Amino acid sequence: MKEYLKKYIERLKSSLSEFFYFLGFIKVSIQEMFLFASRKEVSLVVLIRQILFTGFESLKLITLLGLAIGAIIIIQGISLLQNFGQSDLIYTILVIIITKELGPVITAFIIISRSGTAISTELGNMVVNHEVEALSAVGINPIGYLVVPRIFGVVISLFALNLYLNVSGLIGGYIVASFVTPLSFVDFITKLSTKMKVMDVIMGQIKTIVFGFSIGIISCYNGLSVNYASTEVPQRTIKSVVTSLSWVIIFDVMLAFFTYSI
Amino acid sequence: MGEPIITLENVSFKNDNYTVLENVNVEIEIDRFTAVIGKSGAGKSTLIKIMAGLVEPTAGNVKIYGVDMTDYDSPQVNRIKKKIGFSFQDSALLSNLSIRENLALPLKYYFKNMTEKRMTERIEELLDKVSLLDSQFLRPAQLSFGEQKLASIIRSMTTNPEILFLDEPLTSIDATLSKKVLALIKDYSKNEWTTVIIVTHSPELIINEAKKIIVIEDKVIKLETTPKELLAGGRVDGMEIVNDMFENYF
């Protein structure tokens, strides 16, 4: 029993120390984010590459998902709501699901699976190959050069992709709706806009900023936490995915409570 | 004796539970060519990484120009780091950048006002010295290991650092490349404002260039001497690495 307690306390100590180390990492990263403008000559290329990879290259997948989600909501929703004579509620559901709730979460999941894993793997391999150490050796702060552009890249891409998912989801909804009931595009947009509040869009976009920052920082932290061996890289990548998914869900719930309480 | 620019006081370093260095005290003087020697795994690389402020010691103090290098938040540390160049045992070039971009990175970071023309001149001058001009747009993986190492050595020199650390620059490269590296190091160390600290197994380089030799054994600095004193004294009792290395010179 004593032995078990001792081990448990040691594990707790090590978890706490890693947690505080992570908090320190967040603090330094935020400090370095403010210095980004002064170092843009070096870091801007990294940022542009990150946006291209995270944002631009995800467009096809996001479009497909947006169209599919919009279409599924209409197919399922109309058949159900017509029974109660509440067909118009479909617009409210469309806005709540795509713009406010599911859109940012789905976009975040896509970014975690595509870019979060790529960031952790890339940084992990850089540590193993001593490339991070080499940056320090030439006096370049690895957080300023490697972490900050990636965080900005993920935040900007997530913000833009979510808007794109919104548009493609609503268009997908319209395409299917026009098959079910003949409806002009203007009518669809008019009905949709009466149900959509500016605050819904703002809340959705605030979520993308929070999710983007969390994914960026968690992925970078786990990548840079690799110590010596390349076998640690996939382990850290898995940890990065699980932690990012958990925090996106936690933040989503917290922001949902916050939204409904105001 | 020159003025000390690097001072290590009671420095120890543990890797997990394994002690690499224990209670090391050493001073490196300005305008000196210092060679660090020791058996493989003796802690030579760790020692110079600690000297350069790349690795934090488990205990003790590291000062460069009197500035505590373990105080990472200090702006003075960043200022000092600009004066340091470091070439690793393995090339450690950034794999997603071309050789030219690798060399340009420290220049862009430090000399924000440097013109593109001046930067190109500096990079091409260095690449030309080691016959890598034709490979400047290639990625590190497209070069041989020796060429990568050459690129890594000249990267450490791009900003004309006052303190240059070289970790086994002659290991794993052929005789022709070795000649180029030797010429490059000799040329660089001629400058009055440079201090070179090198980890090497080359007795020729040590005897011809070094002004100070540091021998590491059993986690501590066993001997600090000069090539002249070492050769005059002959074989050193119990110091296998020194005796084997300079066998032909005693």
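Q: In which sense do strand 4 and strand 5 of chain B pair, parallel or antiparallel?
A: In this predicted model, strand 4 of chain B, residues 59–64, pairs with strand 5 of chain B in the antiparallel sense. Two bridges join these strands.

Q: Which residue is the bridge partner of B:I64?
A: The partner is B:V67, in strand 5 of chain B.

Q: What is the strand order of the sheet in chain B?
A: The order is 2-1-4-5. The sheet is open, has four strands and shows antiparallel pairing.

Q: And which are the edge strands?
A: They are strand 2 of chain B, residues 18–29, and strand 5 of chain B, residues 67–68. Each of these strands pairs on one side only.

Q: What holds paired strands together, in general?
A: Strands of a sheet pair through backbone hydrogen bonds.

Q: Switching to chain A: how many helices and strands does chain A have?
A: Chain A has nine helices and zero strands. Its pattern along the sequence accordingly reads α-α-α-α-α-α-α-α-α.

Q: What are the spans of the C-alpha trace of chain A?
A: Along its principal axes, the trace spans about 65 × 55 × 35 Å.

Q: What about contacts between residues at least 6 apart in sequence?
A: In chain A, 85% of those contacts join residues at least 24 apart.

Q: How far apart are the mean positions of the positive and negative charges in chain A?
A: They are 4 Å apart, with 19 positive and 15 negative charges counted.

Q: On to aromatics: how many pairs are there over all chains?
A: The count comes to 13 aromatic pairs. One of them is formed by A:Y21 and A:Y221.

Q: What is the geometry of the A:Y21 and A:Y221 pair?
A: The pair is tilted, at 6.2 Å centre to centre and with 50° between the planes.

Q: Why does the pair tie together parts that are 200 residues apart in sequence?
A: A:Y21 lies in helix 1 of chain A, residues 2–34, whereas A:Y221 lies in helix 8 of chain A, residues 198–224, so the pair bridges that separation.

Q: Are A:Y21 and A:Y221 buried or exposed?
A: A:Y21 counts as exposed, at 59% relative accessibility. A:Y221 counts as buried, at 7%.

Note on methods
Residues numbered from 1 in each chain as written. Chains lettered and ligands numbered in written order. Predicted model: local features only at pLDDT ≥ 70, side-chain atom pairs only at ≥ 80, totals over all residues. Heavy atoms only, no water. Contact = heavy atoms within 4.5 Å. Lys, Arg positive; Asp, Glu negative; His and termini not counted. Charge placed at Lys NZ, Arg CZ, Asp CG, Glu CD. Pairing = 2+ DSSP bridges. Phe/Tyr/Trp six-rings, centres within 6.5 Å; stacked < 30°, edge-to-face > 60°. Buried < 20%, exposed > 50% of the residue type's maximum accessible area, 1.4 Å probe, protein only.
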